[in-house]
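This report describes a single protein chain, shown below. The sections that follow treat confidence, architecture, core and surface in turn.

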Amino acid sequence: MTSDEEAEADLNDGKKLKELLKEIYRLARGMTTPGQRDLHTMSAIGKFSAILIRISDRAEKQSQRIISLTWALIIFTVVLLLFAAVETIQHFCTL
């Protein structure tokens, strides 16, 4: 299994981020020979890329939510401004 396939599998398995970080740490500590270092490094990079993808997805969702809330706040502010303008005009017309 290549590191890309492992990263895809890690993403699809629904592993928690802490579990992936523990695996990366375990892989880093298990390096003994140069050949194993290369294999462990590739595996760790695959798992780390899975973490980065998850973090990126979460950041994208949060960004979209913030944008939606900002637009809701702008619309609410405009509605309040219009309400205040109508009330002010009505108040001065009754004088």
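## Confidence

In which helix of the chain is confidence lowest, and in which is it highest? The mean is lowest in helix α1 (residues 3-13), at 55, and highest in helix α3 (residues 34-93), at 88. These values are pLDDT, the predictor's confidence in each residue on a scale from 0 to 100. The chain average is 79, and 69% of the residues score at least 70.

The model is predicted: local features need pLDDT of at least 70, side-chain atom pairs count only at pLDDT 80 or more, and totals for chains, interfaces and linings use all residues. Residues are numbered from 1 along each chain as its sequence is written, and side-chain values use heavy atoms, with hydrogens and water left out.

## Architecture

The chain has three helices and zero strands, in the order α-α-α from the N terminus. Both types of element are DSSP runs numbered from the N terminus (helices: H or I, at least four residues; strands: E, at least two).

Of the contacts (heavy atoms within 4.5 Å) between residues at least 6 apart in sequence, 68% join residues at least 24 apart. Across a sequence separation of 33 residues, the C-alpha atoms of Lys18 and Ile51 lie 9.3 Å apart.

## Core

Buried residues (under 20% relative accessible area; exposed is over 50%, partly exposed in between, with a 1.4 Å probe and protein chains only) account for 19% of the 95 residues.

Leu17, Leu20, Ile24, Ala44, Ala50 and Ile51 form the largest nonpolar core. Helices α2 (17-29) and α3 each supply at least two residues of this core. Such a core is a set of buried Ala, Val, Leu, Ile, Met, Phe, Trp, Tyr and Cys residues joined through side-chain atoms within 4.5 Å.

## Surface

The accessible surface of the chain is about 7700 Å², with 66% belonging to carbon and sulfur atoms; areas come from the Shrake-Rupley method with a 1.4 Å probe. Lys18, in helix α2, is exposed because its relative accessible area is 66%. Val78, in helix α3, counts as partly exposed because its relative accessibility is 43%.
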